[in-house]
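This briefing covers salt bridges and a sheet in one model. Please look through the structure below before reading on.

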Amino acid sequence: MIRILTIIGARPQIIKAAAISRAISSCFAEQIEEVILHTGQHYDTNMSAVFFDELGIPQPQYNLQVGSGTHAAQTARIMEGVEQVLIDAQKENQPFDGILVYGDTNSTLAAAVAAAKIHIPVFHVEAGLRSFNMSMPEEVNRIVCDQLSSVLFTPTHTGLRNLEQEGFTMDGIKQRARFANRKGQCVMLSGDVMYDNSLYFSKIADDKCDIIERLELTNRGFVLATIHRPANTDNPANLQSIFTALLDIADRDQIDIVLPLHPRTRKMLDVQLTPELMARIETNNHMRIIEPASFFEIIRLEKNARIVMTDSGGVQKEAFFFQTPCVILRPETEWVEIVEAGAGIITDADYTRIMDAYNVLVGKEVIFPPLFGDGHASEKILERIVKYIAD
């Protein structure tokens, strides 16, 4: 029996892990034992714990409860905790055959470093994504994690090209790096586990979640906005520009703006926005600021929105899955396929570009080509892990 330690710490990782856990229980239960470690990087109940219940993920066997902190402090605490779990498992003669990490958070980076240092294979889901902006902590995390990983599972052809340009190969033969098990690194074009999830959970969300009805929204009759990145929330000019654009769209088109507000962003509004802008927000009947949405609520909002406006990489992609155009409130995106397909437009926090992009996307027919696999990425990832360990 193969033992895998799955590392999660933030909401997107919990959601991605659901696809893998589901595939293990349905197709690999006799081959793989999964143990889940929650780093506690995100510790708000609405942003973390509730997803285990909603998504049917086994409760974590380990919870490091690291909480917030500087990048270095948080990463160090996670490294220390993950290393101890791995070492204890070896001492108890129940060693892990590898760790499974997702995406580009501090949890991803810290777990990869801790495991690689003690010669435990790292399997990286969502490898090869690049924004080419080294000022983003996520970019640093994903690059370092890729370098330390034994098998890199990339979701798209663009991710594959990025890795090939950095010297990685599909078969690993040309890779000079060798680990303690004398195996090299290899890359697999797996498809996207989030696409697996979107297909699986879409109907469940329609059946279980009433947020559209509760908010009295109409299909394709509102804008869904999400804002959480420090580059926007910590920058008064950026935050004011974004909210001014949202308010002007709401007033001009008489369309509701639904904004599930991250707790951190909610706290920043009074600090970063002018009193005049806050007054507009508070008195505008179309500005619908709500509590952080659950996974099923977000799915229904993404499926039914006319436009999504976001600085979240995950929400960009989910909007594409549900064929909803997206205004990208960042200076770049790691999901360049969405932009190349014309389904998303990068605007950063520039008021004029936001307004122009919104006008373009509501005024044309947007095409959504099949870019993210066939809905079976999870099974392909697990098959490759089993083969890697057996070889």
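E334 is buried, and so is R330 (buried: under 20% relative accessible area, exposed: over 50%, partly exposed: in between; 1.4 Å probe, protein chains only). The model is predicted: local features need pLDDT of at least 70 and side-chain atom pairs pLDDT 80 or more, while totals for chains, interfaces and linings use all residues. Residues are numbered from 1 along each chain as its sequence is written, and side-chain values use heavy atoms, leaving out hydrogens and water.

**Salt bridges**

- A salt bridge joins E334 and R330, with the closest N and O atoms 2.6 Å apart; the term means a side-chain nitrogen of Lys or Arg within 4 Å of a carboxyl oxygen of Asp or Glu.
- The structure holds 24 salt bridges.
- R3 and E33 form one of them, at 3.2 Å between the closest N and O atoms.
- R3 is in strand β1 (residues 2-8) and E33 in strand β2 (residues 32-38), so this pair ties together parts 30 residues apart in sequence; helices (H or I, at least four residues) and strands (E, at least two) are DSSP runs, numbered from the N terminus.
- R3 is buried at 11% relative accessibility, whereas E33 is partly exposed at 33%.

**Sheet**

- Six strands form an open sheet in the order β10-β9-β8-β11-β12-β13, with parallel pairing; strands pair if DSSP finds at least two bridges between them.
- β10 (287-290) and β13 (344-346) are at the edges with a single partner strand each, so one side of each has no neighbour in the sheet.
- Strands β11 (residues 307-310) and β12 (residues 326-328) pair over three bridges, and T310 has I328 as its bridge partner in β12.
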